[in-house]
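Subject: Structure for you to look at, with notes

Dear colleague,

I am passing on the structure we talked about, and my notes on it follow below. Please read them with the structure open beside you.

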Amino acid sequence: MNLSEVKAAPDEERKSFDPLPAGTYPVTVLNAEETVAKTGTLGVILELEVAEGKHQGRKVWDRLWLTPKAKWRVRNVFGALGLDLDAL
């Protein structure tokens with residue numbers, strides 16, 4: 001494919017990177033990857049996909065940092081995803 005072919009397709013649906021409206025969405029975890037910040041802080045990068053509804057197929061990314069201050073957030077996100085932290 002070249003650039004002229006890309007420009008010649010204005011009728012194709014454009015993907016939006018706008019934030020999803022506030023709400024609760026069923027998601028599928030596509031990928032979870034461990035990461036280390038430049039500071040040495042451990043974290044997890046999540047790639048999620050909305051599983052159904054008007055926004056089905058939209059992707060969402062999140063980074064969770066494994067620090068004492070962020071423990072509440074990690075527990076909330078993992079809990080919402082149905083993951084039992086006690087089993088890890």
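A residue is called buried here when its relative accessible area is under 20%, and exposed when that value is over 50%, with partly exposed in between. Please keep in mind throughout that this is a predicted model.

I would begin with helix α2, which spans residues 71–80 and in which V74, V77 and F78 are buried. These three cover an arc of only 95° around the axis, which means that they sit on the same side of α2. W72 and A80, by contrast, are exposed on the other side of the helix. After α2 comes G82, which has a positive phi, near 80°.

What do the buried residues of α2 pack against? Their packing partners are the strands β2 (42–50) and β3 (59–65), and the helix as a whole lies across these two strands, running at about 145° to β3. For V74 in particular, leaving aside residues up to four places away in sequence, the residues touched are L64, W65 and L66.

The strands belong to an open sheet of three, ordered β1-β2-β3, with antiparallel pairing. Because β1 (27–36) and β3 stand at the edges and each has a single partner strand, one side of each is left without a neighbour in the sheet. From one strand to the next, the twist averages 20°. The antiparallel pairing of β2 with β3 extends over seven bridges, and L46 has D62 in β3 as its bridge partner.

As a general point, nonpolar side chains in soluble globular proteins tend to be buried together.

Is V60 buried or partly exposed? Its relative accessibility is 28%, and V60 therefore counts as partly exposed. Not counting residues up to four places away in sequence, V60 touches L20, L46, E47 and L48. The C-alpha atoms of V60 and V29 are separated by 9.6 Å, with the two residues 31 apart along the chain.

Technical notes:
Residues are numbered from 1 along each chain as its sequence is written. This is a predicted model: local features need pLDDT of at least 70, side-chain atom pairs count only at pLDDT 80 or more; totals for chains, interfaces and linings use all residues. Side-chain values use heavy atoms; hydrogens and water are left out. Buried means under 20% relative accessible area, exposed over 50%, partly exposed in between (1.4 Å probe, protein chains only). Helices (H or I, at least four residues) and strands (E, at least two) are DSSP runs, numbered from the N terminus. The arc is that of the directions from the helix axis to the C-beta atoms. Contact means heavy atoms within 4.5 Å. Two strands pair if DSSP finds at least two bridges between them. Axes are lines fitted to C-alpha atoms, for helices over the stretch in contact, and angles run from 0 to 180 degrees between N-to-C directions.
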